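Here are my notes on this model, for your comments. Please read them with the structure open.

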Amino acid sequence: MFENANVTSSFKKSITSALSQGRLSHAVILEGGNEADCVYVAKQIASYIQCTSSHKPCGVCANCVKNASGSHPDVHILQKQTGANAIKVD
C-alpha cells in the first residue's frame, strides 16, 4: 500500500495490520522523514479507510478520488508552514 513512500517495513506492517483489523486510531500523527512521503501515506490511509471497494484502496471510487485530490470533506491533513519547525496551534 505504501510502495511509493520511503517508510520502514515495520511501519508498513504496523499500519497495515491496524487498518485490516479496524483498529487504527481516529487520528494519526506522521512525523519525520520527507514531508511528501508523510502526505502520501496520510492520503493512502484515508483512502483505505473510506474506500468502498473490496480491494482497498482502489483509487477509482469517489472517496479515493476525493482523497487523492485533497477535496474529501472528512479528511484534514495539517502541515507546518514553510520555514516552521512545527505545526502552530493558532
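1. Basis. This is a predicted model, in which local features need pLDDT of at least 70, side-chain atom pairs count only at pLDDT 80 or more, and totals for chains, interfaces and linings use all residues. Residues are numbered from 1 along each chain as its sequence is written, and side-chain values use heavy atoms, with hydrogens and water left out.

2. Core. F2, A5, I15, L19, V41 and I45 form the largest nonpolar core (buried Ala, Val, Leu, Ile, Met, Phe, Trp, Tyr and Cys residues joined through side-chain atoms within 4.5 Å; buried means under 20% relative accessible area, with a 1.4 Å probe and protein chains only). At least two of its residues come from each of α1 (9-20) and α2 (35-50). Helices here are DSSP runs of H or I, at least four residues, numbered from the N terminus.

3. I45. Beyond its neighbours within four places in sequence, I45 contacts F2, I15, L19 and L24 (heavy atoms within 4.5 Å).

4. Cysteines. The disulfide count is zero, the criterion being a pair of cysteine sulfur atoms within 2.5 Å. For C51, the nearest cysteine sulfur is that of C58, 3.6 Å away. C51 is buried, at 5% relative accessible area. The C64 sulfur lies 3.6 Å from its closest cysteine sulfur, in C61, too far for a bond. C64 is also buried, at 3%.

5. Helix pair. α2 packs on α3 (residues 62-69) at about 165 degrees, with axes 9 Å apart. The pair is therefore roughly antiparallel (angles over 145 degrees). K43, A46, S47 and Q50 of α2 meet N63, C64, N67 and A68 of α3.

Technical notes:
Buried < 20%, exposed > 50% of the residue type's maximum accessible area, 1.4 Å probe, protein only. Axes fitted to C-alpha atoms, helices over the stretch in contact; angles between N-to-C directions. Parallel < 35°, antiparallel > 145°, perpendicular 65-115°, else oblique.
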